[in-house]
Amino acid sequence: IIDGRLSHKTTGANNWVRSVYKQVLSQIKHIYVRSEFDENAYLNLGASKQQVSILGNLKFIFSASIDISAQTKTQRDYVVIASSHEDEEYQITRIWHELNRNELLVIAPRYPNRRDTIVTQLKQISGIASDNIAIRSNDDAITAQPSIYILATVGELTGWFSQAKLIIMEGSFNHLSGHQY
């Protein structure tokens, strides 16, 4: 198991279910977890100390080897909406557009495959047209024209954090998901 995390429901299971987990975990060769918290959760479910190693957060391990300067190809000021879920991009962009902000709005959806749906929704906002939206996965350039840049890729978000004027970490306004750091 790599990057293994357990939900509160799993760790709070009754004794019978915990005995099943212990039996299943005895068949696992090794478990790599993010933190001591996750390690303790597996140990409490019956994994042995020899089976569990703390590896850290894989997002940070892999992003350390990525050339960040190649990703943020803009001198414009920008704000990042990170890990957004359905409809959050629309709601925030609508308000952002009404505020008439000059910064580029960089949207990094939690699920990059939602890119086309996001573009369709954003075009419904009065005053936002196709030429206002650039898309990273299309290799669109960031010029003075686009007011929205959709970062529908994997593994690049950390690079965009470093120069952002503001980061809006989604899951902050709804309870679809949370972020633990």
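# Reading a predicted model, feature by feature

The accessible surface of the protein chain comes to about 11,000 Å², and carbon and sulfur atoms hold 52% of that area. The model is predicted.

User: How many helices and strands does the protein chain have?

Analyst: The protein chain has eight helices and eight strands.

User: What share of the 181 residues is buried?

Analyst: A residue is called buried when its relative accessible area is under 20%. In the protein chain, 39% of the 181 residues are buried. Contacts can be read next. Of those with a separation of 6 or more, 63% link residues 24 or more positions apart.

User: How many bridges join S1 to strand S2?

Analyst: Two bridges join S1 to S2 (residues 31-33), and these strands run parallel. For a pair of residues to look at, Gly4 stands opposite Val33 in S2.

User: Is strand S4 largely enclosed or left open?

Analyst: Count the buried residues along the strand. In S4 (residues 78-84), seven of the seven residues are buried, so the strand is largely enclosed by the rest of the structure.

User: Which strands pair with S4?

Analyst: S5 pairs with S4 in the parallel sense over six bridges, and Ile81 stands opposite Ile107 in S5. Strand S8 (residues 166-169) also runs parallel to S4, joined by four bridges. There, Ala82 stands opposite Met169 in S8.

User: What do S4, helix H6 and S5 make together?

Analyst: To read such a unit, follow the chain from strand to helix to strand. S4, H6 (residues 88-98) and S5 make a right-handed β-α-β unit.

User: Where does Arg114 lie?

Analyst: Arg114 is in the loop between strand S5 (104-109) and helix H7 (115-122).

User: Why does Arg114 count as buried?

Analyst: Arg114 counts as buried because its relative accessibility is 13%, and the cut-off is under 20%. Leaving aside residues up to four places away in sequence, Arg114 touches Ser84, His85, Glu86, Asp87, Glu89 and Pro109.

Terms used. Residues numbered from 1 in each chain as written. Predicted model: local features only at pLDDT ≥ 70, side-chain atom pairs only at ≥ 80, totals over all residues. Heavy atoms only, no water. Buried < 20%, exposed > 50% of the residue type's maximum accessible area, 1.4 Å probe, protein only. Contact = heavy atoms within 4.5 Å. Pairing = 2+ DSSP bridges. Areas by Shrake-Rupley, 256 points an atom, 1.4 Å probe, with all protein chains shown as cover. Right-handed = clockwise from strand over helix to strand, strands pointing away.
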